[in-house]
Amino acid sequence: MRCRACHSEIDKPGDYCLVCRSPNADGVVCEIARDRVALTMLHEDEILGETIITTVPESGDPAEVVERRNFAGRVADEIRRKRPEAVYAAGDREVLREVRAQLHYDFYRVSDDDPVEAVRSRLGEPALATVETPPKEKIGGSHSTLIGGRTGMKVIHHVAGHPHVKKVIPGPIDAGGSGSRSGLRAKATRAGRNGNVRLLLRDGSSVQENRVVTTAPDRETGERVRADLNDLLEEEGYGVS
């Protein structure tokens, strides 16, 4: 394959050109199984090619942890070769989490049914502005206490770290609810007309509603951010159905 800008030869489909310093792939779609990851490189809605990375899963700690981390590292290295604007992923959550932890790109979950086509259709939607502010600087408001203590703060930081979140404003805590499920749970609720969402934190009988200000201009695009946030919370083990 040749670079779209200078026509120099590049090693793999969608690789960043080291001759003219130009990207050749807008996005990378990761279809993730425990023992196999298929990377599909896209330029706009054009499929540039596919790369397959495989592993032989180990069982039992610590061998499984090391093998999975190394597998994710190989996937992350392949994505770095492309320097894409965004990474889209579907499939095994544990491998996905490991890959995501090793990359600094905007990372979005998509439907497991047909990830590549889901992304190709999504690329035609209006792009949302991204926010580079560190997560801790996005958290503010008159209520500084969060249910769940450090765990609650960890969840808020995950949400605040999303590239389309401008601010997270903690709300008051309602300790009069009912609930017997142990452990902190979180869910982003339906977007409002202005594109913002609410993040509900539940810890036993305590409930806290937090306002999440997004870069989405309306309800439709706010729903995209809400879905991304709920996928993120699910991946981190805090989500609820």
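A residue counts as buried when its relative accessible area is under 20%, as exposed when that area is over 50%, and as partly exposed in between, with a 1.4 Å probe and protein chains only. The structure on the screen is a predicted model, in which local features need pLDDT of at least 70 and side-chain atom pairs count only at pLDDT 80 or more, whereas totals for chains, interfaces and linings use all residues. Residues are numbered from 1 along each chain as its sequence is written, and side-chain values use heavy atoms, with hydrogens and water left out.

Select Arg21, which sits in the segment before β1; helices (H or I, at least four residues) and strands (E, at least two) are DSSP runs, numbered from the N terminus. Arg21 is exposed, with a relative accessible area of 54%, and its phi is near 60°, a positive value in a residue other than glycine. Go on to Glu44 in the loop between β2 (36–43) and β3, where phi is again positive, at about 55°, although Glu44 is not a glycine. Glu44 also counts as exposed, at 52% relative accessibility.

Pro62 belongs to the loop between β3 (46–54) and α1.

Select residues 93–101, which make up α2, and begin at the start of the helix, where a side-chain oxygen of Asp92 comes to within 3.1 Å of the backbone nitrogen of Glu94. This is a polar contact, meaning a pair of N or O atoms within 3.5 Å; within protein, one must be able to donate a hydrogen and the other to accept it, and residues adjacent in sequence count only if both atoms are side-chain atoms.

Which residues of α2 are buried? They are Val95, Leu96, Glu98 and Val99. Seen down the axis of α2, these buried residues fall within an arc of 160°, so they line one face of the helix; the arc is that of the directions from the helix axis to the C-beta atoms. To see what covers them, show the elements that include β1 (27–32), α1 (63–80), β4 (86–91), β5 and α5 (219–235).

What gives the most to the lining? It is α2, with three residues, while α2 and β5 each supply at least two. Coloured by class, the lining has nine nonpolar, six polar and six charged residues.

Select Tyr108, which is in strand β5 (residues 106–109) and is buried, with a relative accessible area of 7%. Apart from neighbours within four places in sequence, Tyr108 has contacts (heavy atoms within 4.5 Å) with residues including Tyr88, Arg122, His162, Pro163 and Asp228.

**Last stop: strand β10**

Select residues 206–214, the strand β10, and pick out Asn210 within it. Is Asn210 buried or exposed? Asn210 is buried, with a relative accessible area of 0%, and a polar atom of its side chain lies 3.3 Å from the backbone nitrogen of Gly171. Beyond its neighbours within four places in sequence, Asn210 is in contact with Ile169, Pro170, Gly171 and Arg198, among others.

Thr214 is also in β10 and counts as buried, at 2% relative accessibility. The side chain of Thr214 reaches the backbone oxygen of Gly195 at 2.8 Å and the backbone nitrogen of Ala216 at 3.0 Å. To finish, draw a distance between the C-alpha atoms of Thr214 and Thr130, which are 84 residues apart along the chain and separated by 9.3 Å.

Terms used. Nonpolar A, V, L, I, M, F, W, Y, C, P; charged D, E, K, R; others polar.
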